[in-house]
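Open the model in your viewer and keep the selection tool at hand. The stops below say what to select next and what is there.

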Amino acid sequence: MMKKLFGRSKGNESPEQQGMLESSPENLPEPFPADSDTLEDSTGAKGEQLCGVGILFQIGGDKGLYIKEMSSDGAASECGILKVGDCLMAIDGIRVYGQPASEISRMIKGPLGSPVAVKFRRNIVKKDGRCEYMMVAPVLTRGAVAELPQPAGIGVVFKVGHDAGMYVKAMSPDGAAALSGQMQLNDLLIAVNGKDVYKKPVTQVTPMLVGSFGSTVSLTFVRLGEG
């Protein structure tokens, strides 16, 4: 009899991000919540909720709006390419640099789930002191929050035997079970987190095997041929 602890997973899905050296705007005043979906969402004329993209801006001496903070569960942070200090240049193809913050706030906000195309300028300080810039232009979803943990398993396909038990039929090569090197084909599952599941209906056992990404589940197996 074997009792194993596995971490639930869904494979490697983390693309690498390239970091960049950037200059931050200096001597900026107190932040103005031009995009304040995390602070004061409003309601439109038709009663729909108006949302932003999770950015708190501050107004620079050049009247430009610079990213001061990003909500960790907002669309701006989730996209992975915007950084503190980036300067907003355009919204949906319309140049907004230097425009009143109230007007920019109106343009950024929109119905929950609607897209908005934004363009930011990023200052890059070279080692020799020269300052260059690049444009970053993601399309964000208003009101988007961090993806909720999706159900994840351990990468095992079971088959039901003649005795109504659940036997390991296959394992995903990048799943937790296969990576552990501790399971074999035809192992018989008899318990999940200490609860007897032998001969239980598959529809009852499956929900016990899945859970949030990164969580753990304890499985007990019997290996055929072992005393």
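Start with the hairpin formed by β13 and β14, which has 5 residues between the two strands. Select Ala 164 in the turn: its phi is positive, at about 75 degrees. Helices (H or I, at least four residues) and strands (E, at least two) are DSSP runs here, numbered from the N terminus.

This is a predicted model, in which local features need pLDDT of at least 70 and side-chain atom pairs count only at pLDDT 80 or more, while totals for chains, interfaces and linings use all residues. Residues are numbered from 1 along each chain as its sequence is written, and side-chain values use heavy atoms, with hydrogens and water left out.

**The strands around the hairpin**

Select residues 156–160 and 166–171. These are β13 and β14, which run antiparallel and are joined by 5 bridges; two strands pair if DSSP finds at least two bridges between them. Phe 158 has Val 168 in β14 as its bridge partner. Tyr 167 stands opposite Leu 188 of β15.

Select Val 202, in helix α4. Val 202 counts as partly exposed, because its relative accessibility is 37%; buried means under 20% relative accessible area, exposed over 50%, and partly exposed in between (1.4 Å probe, protein chains only). Leaving aside neighbours within four places in sequence, Val 202 is in contact with Val 160, Met 166 and Pro 207, where contact means heavy atoms within 4.5 Å. Val 202 and Met 166 are 36 residues apart in sequence, and their C-alpha atoms are 7.8 Å apart.

Next, select Val 210, in the loop between α4 (202–209) and β17 (216–222). Val 210 is partly exposed, at 34% relative accessibility. Display the C-alpha of Gly 153 as well: it is 4.5 Å from that of Val 210, although the two residues are 57 apart along the chain.

**The largest nonpolar core**

Which residues have the most contacts inside the largest nonpolar core? Select Ile 55, Phe 57, Leu 82, Leu 88, Ile 91, Phe 120 and Leu 140; the core has 20 residues. A nonpolar core is a set of buried Ala, Val, Leu, Ile, Met, Phe, Trp, Tyr and Cys residues joined through side-chain atoms within 4.5 Å. The elements that give two or more residues to this core are β5 (55–59), β6 (65–70), α1 (75–79), β7 (87–91), α2 (101–108) and β10 (115–125). Of these, α2 gives the most, with 4 residues. Apart from this core lies another, of 16 residues, among them Ile 154, Met 166, Val 205 and Val 217.

Return to Leu 88. Beyond its neighbours within four places in sequence, Leu 88 is in contact with Phe 57, Leu 65, Val 96, Tyr 97, Ile 104, Ile 108, Val 118, Lys 119 and Phe 120.

**The aromatic pair**

Select Phe 57 and Phe 120, which form a stacked aromatic pair, 6.3 Å centre to centre with 10 degrees between the planes. The rule is that rings of Phe, Tyr and Trp (its six-membered ring) pair if their centres lie within 6.5 Å; planes under 30 degrees apart count as stacked, over 60 as edge-to-face and the rest as tilted. By this rule the count is 1 aromatic pair. Phe 57 is in strand β5 and Phe 120 in strand β10, 63 residues apart, so the pair links distant parts of the chain. Phe 57 is buried at 0% relative accessibility, and Phe 120 is buried at 1%.

**Helix α2**

Select Ala 101, Ile 104, Ser 105, Met 107 and Ile 108, the buried residues of α2. They lie on the same side of α2, because they cover an arc of only 165 degrees around the axis; the arc is that of the directions from the helix axis to the C-beta atoms. On the other side of α2, Ser 102 and Arg 106 are exposed.

**Asp 86**

Finish at Asp 86, in the loop between α1 and β7. Is Asp 86 buried or exposed? Asp 86 is buried, with a relative accessible area of 0%. Its side chain reaches the backbone nitrogen of Lys 83 at 2.9 Å and makes a polar contact with the side chain of Arg 122, also listed at 2.9 Å. A polar contact is a pair of N or O atoms within 3.5 Å; within protein, one must be able to donate a hydrogen and the other to accept it, and residues adjacent in sequence count only if both atoms are side-chain atoms.
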